[in-house]
Amino acid sequence: MHNARATGAARLEDPWYDALASGWGEADDTDSGPRRARPPAAREVYTEVHGSAAFQEVRRRYRRFAFPAAAAFLIWYLAYVVAATTAPDLMARPVVGALNVAMVAGLAQFATTFLLAWAYARHARLRRDRVALELRWVTQEMMRGRGR
């Protein structure tokens with residue numbers, strides 16, 4: 001068995017060796033071959049995409065869902081906490097057997113958390129994912145210098 005530590009070098013067929021991560025195998029600017037136009041810098045590409053109508057639409061759709069949903073859930077949670085501290089008699093009122101209003105409301109907190117997560121995933125899938133994926137494709141093409 002070859003011991004890379006003993007020799008101070010890693011073998012190229014070593015499964016833990018990643019040539020591209022170390023910078024090997026990448027073209028450098030010292031080649032004497034024909035020069036290609038450099039792709040635009042990431043900052044330029046992302047600034048252009050950020051200003052695009054498609055990106056603004058994705059952000060608008062996200063905000064129109066996320067802010068009201070977060071506000072509604074926060075109000076619901078605070079209502080539970082306030083009711084638990086200011087109206088202990090109401091919260092202690094039995095509903096069914098040993099199950100009281102506080103327990104039902106606490107379980108409803110969990111249920112609404114899962115409901116909100118499901119609604120967010122559904123909204124993202126139906127309203128934003130396709131446009132965001134197209135934006136990602138456009139961005140990658142721009143980074144390679146092929147689009148605009």
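Predicted model: local features only at pLDDT ≥ 70, side-chain atom pairs only at ≥ 80, totals over all residues.
Me: How many helices and strands does the protein have, and what makes a run count as one?
Reply: The protein has 6 helices and 2 strands. Helices are DSSP runs of H or I with at least four residues, strands are runs of E with at least two, and both are numbered from the N terminus. In that direction the elements run α-α-α-α-α-β-β-α.

Me: Which residues carry the annotation "transmembrane region", and what is the secondary structure there?
Reply: The unreviewed UniProt entry places the annotation on residues 65-83 and 95-120. UniProt positions are given in the numbering used here, feature names are shortened, and annotations may be inferred rather than shown by experiment. Residues 65-83 are 100% helix and 0% strand, with end C-alpha atoms 27 Å apart. Residues 95-120 are 77% helix and 15% strand, and their end C-alpha atoms are 31 Å apart.

Me: Why is threonine 139 called buried?
Reply: Its relative accessible area is 5%. Buried means under 20%, exposed means over 50%, and partly exposed lies in between (1.4 Å probe, protein chains only). Threonine 139 is therefore buried. Of the 148 residues of the protein, 14% count as buried.

Me: What does threonine 139 touch?
Reply: Threonine 139, in helix α6 (residues 101-143), touches Val45, Tyr46 and Val49, not counting residues up to four places away in sequence. Contact means heavy atoms within 4.5 Å. A polar atom of the threonine 139 side chain also lies 2.7 Å from the backbone oxygen of leucine 135.

Me: How is the packing of helices α3 and α6 described?
Reply: Two packed helices are described by the angle between their axes and the distance between the axes. The axes of α3 (residues 42-50) and α6 come within 10 Å and cross at roughly 150°. Axes are lines fitted to C-alpha atoms, for helices over the stretch in contact, and angles run from 0 to 180 degrees between N-to-C directions. The residues that meet include Val45 and Val49 in α3 and Leu135 and Thr139 in α6.

Me: Why is the pair of tyrosine 62 and tyrosine 120 called edge-to-face?
Reply: By the ring rule there are 2 aromatic pairs. In this one the centres are 6.4 Å apart and the planes stand at 90°. Rings of Phe, Tyr and Trp (its six-membered ring) pair if their centres lie within 6.5 Å; planes under 30 degrees apart count as stacked, over 60 as edge-to-face and the rest as tilted. The pair is therefore edge-to-face. Tyrosine 62 is in helix α4 (residues 53-86) and tyrosine 120 in α6, 58 residues apart. Tyrosine 62 has 36% relative accessibility, so it counts as partly exposed, and tyrosine 120, at 35%, is likewise partly exposed.

Me: What makes the pair of phenylalanine 65 and tyrosine 120 tilted?
Reply: The ring centres are 6.0 Å apart and the planes are at 50°, so the pair is tilted. Phenylalanine 65 lies in α4 and tyrosine 120 in α6, so the pair ties together parts that are 55 residues apart in sequence. Phenylalanine 65 has a relative accessible area of 18% and is therefore buried. Tyr62, Phe65 and Tyr120 form one aromatic cluster.

Me: How do you know that histidine 123 makes a polar contact with arginine 128?
Reply: The distance between the two side chains is 2.8 Å. A polar contact is a pair of N or O atoms within 3.5 Å; within protein, one must be able to donate a hydrogen and the other to accept it, and residues adjacent in sequence count only if both atoms are side-chain atoms. Histidine 123 lies in α6 and is buried, at 15% relative accessible area.

Notes: Residues numbered from 1 in each chain as written. Heavy atoms only, no water.
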